[in-house]
Amino acid sequence: MRIKIVSKPSGQILEIVQKIISTAKSQGFEIDEQNPDIIIAVGGDGTLLKAIKLNKPVIAIKAGRRGFLMDVNPESIDEVFKRLKENDYKIQEYPLLETNICGISSLAFNEAGILADQPETILLTLSFLNSEIQIEGDGVLISTPQGTTGWSLSATGNILYGINAMEIAFINPVLSPLRSIVLPPTEIKVKVESKGYPQKIRVTTDGDLLKVINEGSEIKVKLSSKKAIIYRFFDIDPLRRILNGDK
């Protein structure tokens, strides 16, 4: 079985990476940067996002400031490779968002963002199910359940916990009582309305810039048929970690 390690370049993490390499080789695994079977993410949730984008099953080893979705502590590396060899783990699937704009498509593990590119508000019309609403503010985030423990949580204070749903979070809405909307899996259309002068709007997926657009553009976001796969060796409870300061 071939593995690839994704990590940040820091002294502490480098020690963990070296331990992973030596343990993997001693258990008969091969380090393969080009064609791996499994990705090992070493760090926090940001590192996990990079690993997910490689479209392979991921093992999540916590070595960062925030790691709500990381289940393996570095001291358990030996145990993890023994259990991996014996297929003693749980397979957990996570929904992905598919964002489409101007013929460009991108998958996101956490969220898609439609955001003001300048320090000014933007006007957006959102259509979903049988509803259409208009919102003015700094933008919106459309999140998966796991995505609501990140950027969306900072914006709204809400978490989608144990349900198959999507959340639309409004970033600094103007004169609106709504901070977010939770809805079942569906397609959400977002149109950038004109305020009477040219504006630039950033479309992002998991914090990465997808495209800069202008007023009149329409973005479509829906749950993808594809899933992110994480091999779980230990139970995690993101809600408890958030309330206890990520302990």
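**Figure 1. Helices and strands of the predicted chain.** Helices (H or I, at least four residues) and strands (E, at least two) are DSSP runs, numbered from the N terminus. In this predicted model, local features need pLDDT of at least 70 and side-chain atom pairs count only at pLDDT 80 or more, while totals for chains, interfaces and linings use all residues. Residues are numbered from 1 along each chain as its sequence is written, and side-chain values use heavy atoms, with hydrogens and water left out. The chain contains five helices and 16 strands. Its radius of gyration, taken over C-alpha atoms, is 20 Å, close to the 18 Å that the globule rule (2.2 Å times the number of residues to the power 0.38) gives for 247 residues, so the chain is as compact as a globular protein of that length.

**Figure 2. Strand 13 and its partners.** Two strands pair if DSSP finds at least two bridges between them. Strand 8 (residues 122-128) and strand 13 (residues 188-193) run antiparallel and are joined by five bridges. Within this pair, L124 lies opposite V192 of strand 13. Strand 13 is also joined to strand 16 (residues 218-232), again antiparallel, by four bridges. Here I188 faces V221 of strand 16.

Figure 3. Of the 247 residues, 51% are buried, meaning under 20% relative accessible area (1.4 Å probe, protein chains only). Contact means heavy atoms within 4.5 Å. Of the contacts between residues at least 6 apart in sequence, 65% join residues at least 24 apart.

Definitions and conventions. Buried < 20%, exposed > 50% of the residue type's maximum accessible area, 1.4 Å probe, protein only.
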